[in-house]
Amino acid sequence: MANSAEIARALLTSAREGPALASCTVMGATDDVDVALGAKMLVYADRLLGDLGGGPLETAVITFARDAIPRHLVQTCAFTPSGELVEGRRAIEAADAIVEVLVEVVEPAATLLVVGGGHVGLAVGQLGAMLGMDVAIIDDREDYANAERFPYEAQVICGDFAEELKRFPIDANTYIVLVSRGHKVDELALRTVAERGAGYVGMIGSKRRTRTVLQHLAEDGVDRDELDKVFTPIGLDIGAETPEEIAVSVLGEIILVRRGGGAQPMSEYGRFLATTRR
Amino acid sequence: MPHDEVFEAMSTAFEGGAPVALATVAQTLGSTPRKTGAKMLVREDGSFVGTIGGGCGEAEVWQEAMDTLEDGEARMVTVDLTEPVDGEDKICGGVMRIFVEKLEA
């Protein structure tokens, strides 16, 4: 059994530096279930810290938690003591015995890597910083890649795109936005990052131009499945015009990828007056 | 959302041998100021780190946290934000279930 101090240190390390883990806490149980309220288990991709007392419940929570990590999930789930996931309020109320477990992914802030320090890159970085992401901006022109240009916390990198991008660490928690000065640079950048397992790669440009870029890279042997995952043209369709509006559209898309959602106005999910008037 | 401040405060308290109460939003229904996983850590002197949602119900949860530090009993607290206070509707209008537990090294 891991003690609270070990658990606290492990949570802090994962929140600051990674690796991502799913923290599982028993928050409720019907009287007849033998499990301690507050029991904690940290589930990493490849190991565990702490336990929920073993048995089928623990096994089920571990499986659920491992699956939660790539989805950045934070959710309280109900399990039967024999390890079945029970979903929906009615099913939970109808069940004889239930254990409630909060499964919450703990990981460092996501990285937003902005390729291109122009007007759009400036706004995308600003919004990313506002959303609590660690922002990095790369450009090869000193006028567009200097600390004074970015009035928010960002790592500003001035240098050759290909070289700097090769050096930049990329993982599933890295979100890459290609908004450089032209599609030649975007193509070069995409070639460098496409196959490195980023959580998101989006590239600005018209349908025609972005298709040409994808075609070039496919012909050059870049993995087609990876190219298929690129969000291009970039952003949600909200009619964005200005750099700031485009930033909202791009970060909206990134939130959608990260959290899931329907990408519709919430009101579309239930038009109260429209349905009652009829 | 990383909770580094809460985890750091927890680690620091444990290094000094002090217990803490941790309040974590377990579930929300309707419109609530913070969502599942939001945390507030309360120390024995009543100081706290993190938030489970500003004014809406936080004072109530703080009191439960202080009680938990005293008796050591983990508990689930339901905060109902749908009832009017002082003749005004609370702005949030949802229900939060908050798990409060005492933790010590």
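## Model and confidence

Local features need pLDDT of at least 70, side-chain atom pairs count only at pLDDT 80 or more, and totals for chains, interfaces and linings use all residues of this predicted model. Residues are numbered from 1 along each chain as its sequence is written, while chains are lettered from A and ligands numbered from 1 in the order in which they are written.

The predictor gives an ipTM of 0.88 and a pTM of 0.77 for the complex.

Chain A has an open sheet of six strands, in the order E3-E2-E1-E6-E4-E5. The pairing is antiparallel. Strands are DSSP runs of E, at least two residues; helices are runs of H or I, at least four; both are numbered from the N terminus. Two strands pair if DSSP finds at least two bridges between them. The edge strands are E3 and E5 (85–86), each pairing on one side only.

Strand E2 (residues 40–44) of chain A pairs with E1 (residues 21–29) over five bridges. A:Ala22 has A:Val43 as its bridge partner there. E2(A) also pairs with E3 (residues 48–50), over three bridges. A:Met41 faces A:Gly50, and A:Leu42 faces A:Leu49. A hairpin of three residues joins E2(A) to E3(A).

Four of the five residues of E2(A) are buried, so the strand is largely enclosed by the rest of the structure. Buried means that 20 or more other C-beta atoms, placed from the backbone, lie within 10 Å of the residue's own.

## Helix H1 of chain A

Helix H1 (residues 4–16) of chain A has 13 residues. From first C-alpha to last, H1(A) reaches 18 Å, close to the 18 Å expected; the expected span is 1.5 Å times one less than the number of residues. A:Gly18 follows H1(A), with a positive phi near 85°.

H1(A) lies across E1, E2, E3 and E6 of chain A. Its buried residues include A:Ile7, A:Leu11 and A:Leu12. Among the elements covering the buried residues are helix H1 (4–15) and strand E5 (94–103) of chain B.

Terms used
Buried ≥ 20, exposed ≤ 12 C-beta atoms within 10 Å, placed from the backbone. Contact = placed C-beta atoms within 7 Å. Axes fitted to C-alpha atoms, helices over the stretch in contact; angles between N-to-C directions.
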